[in-house]
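Here is a short briefing for a first look at this structure.

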Amino acid sequence: MTSAAAPSRELPHPVRAEIRLEDVLHALSDPVRLRIVCELASDGGELACSHFDLPVTKSTTTHHFRVLRESGVVRQVYRGTAKLSALRREALDDLFPGLLDSLLDAADRQALRLGD
């Protein structure tokens, strides 16, 4: 993690060189986190945490976003009182070519197969 002192509203993220495949795979192995990533990928921009209608409590939602952020899958920033999340697609595509597209495609096919 970047260890430089940050203002209280700035969230720590791994720098690109610190993103590890096993952390990304762990983050994406959870169905709720995979759902978040799928929504971020389909939107292509930044979404507020409140945008997501997840079947978990607010504290659990916070945990899921923290895992995604700390693994390097998403970048989160505060804009006013909203915490916005965006997929770190460029970094993930450069570090692990084809991984994200393959996982998103597999998630789509699974949703169709299971009727989700």
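The model is predicted.

**Helix H2**
- H2 has 13 residues, so at 1.5 Å a residue it should span 18 Å; its end C-alpha atoms are 18 Å apart, in agreement.
- Asp 30 caps the N-terminal end of H2, with a side-chain oxygen 2.8 Å from the backbone nitrogen of Val 32.
- Val 32 is itself buried, as are Arg 33, Leu 34, Ile 36, Val 37, Cys 38 and Leu 40.
- The cover over the buried residues of H2 includes H1, strand S1 (47–48), H3, S2, S3 and helix H5 (99–114).
- Gly 44 follows H2 and has a positive phi, near 80 degrees.

**Helix H3**
- H3 runs over residues 58–71 and has 14 residues. From first C-alpha to last, H3 reaches 20 Å, close to the 20 Å expected.
- Buried residues of H3 are Thr 61, His 64, Phe 65, Val 67, Leu 68, Arg 69 and Ser 71.
- Their cover includes helix H1 (21–28), helix H2 (31–43), strand S2 (74–79) and strand S3 (82–87).

**The nonpolar core**
- The largest nonpolar core has 25 residues. Ile 36, Val 37, Leu 68, Val 73 and Leu 92 touch the most other members.
- H1, H2, H3, helix H4 (89–95) and H5 each give two or more residues to this core.
- H2 gives the most, with 6 residues.
- Not counting residues up to four places away in sequence, Ile 36 touches Phe 52, Leu 54, His 64, Phe 65 and Leu 68.
- In soluble globular proteins, nonpolar side chains tend to be buried together.

Definitions and conventions
Residues are numbered from 1 along each chain as its sequence is written. This is a predicted model: local features need pLDDT of at least 70, side-chain atom pairs count only at pLDDT 80 or more; totals for chains, interfaces and linings use all residues. Side-chain values use heavy atoms; hydrogens and water are left out. Helices (H or I, at least four residues) and strands (E, at least two) are DSSP runs, numbered from the N terminus. The expected span of a helix is 1.5 Å times one less than its number of residues. Buried means under 20% relative accessible area, exposed over 50%, partly exposed in between (1.4 Å probe, protein chains only). Contact means heavy atoms within 4.5 Å. A polar contact is a pair of N or O atoms within 3.5 Å; within protein, one must be able to donate a hydrogen and the other to accept it, and residues adjacent in sequence count only if both atoms are side-chain atoms. A nonpolar core is a set of buried Ala, Val, Leu, Ile, Met, Phe, Trp, Tyr and Cys residues joined through side-chain atoms within 4.5 Å.
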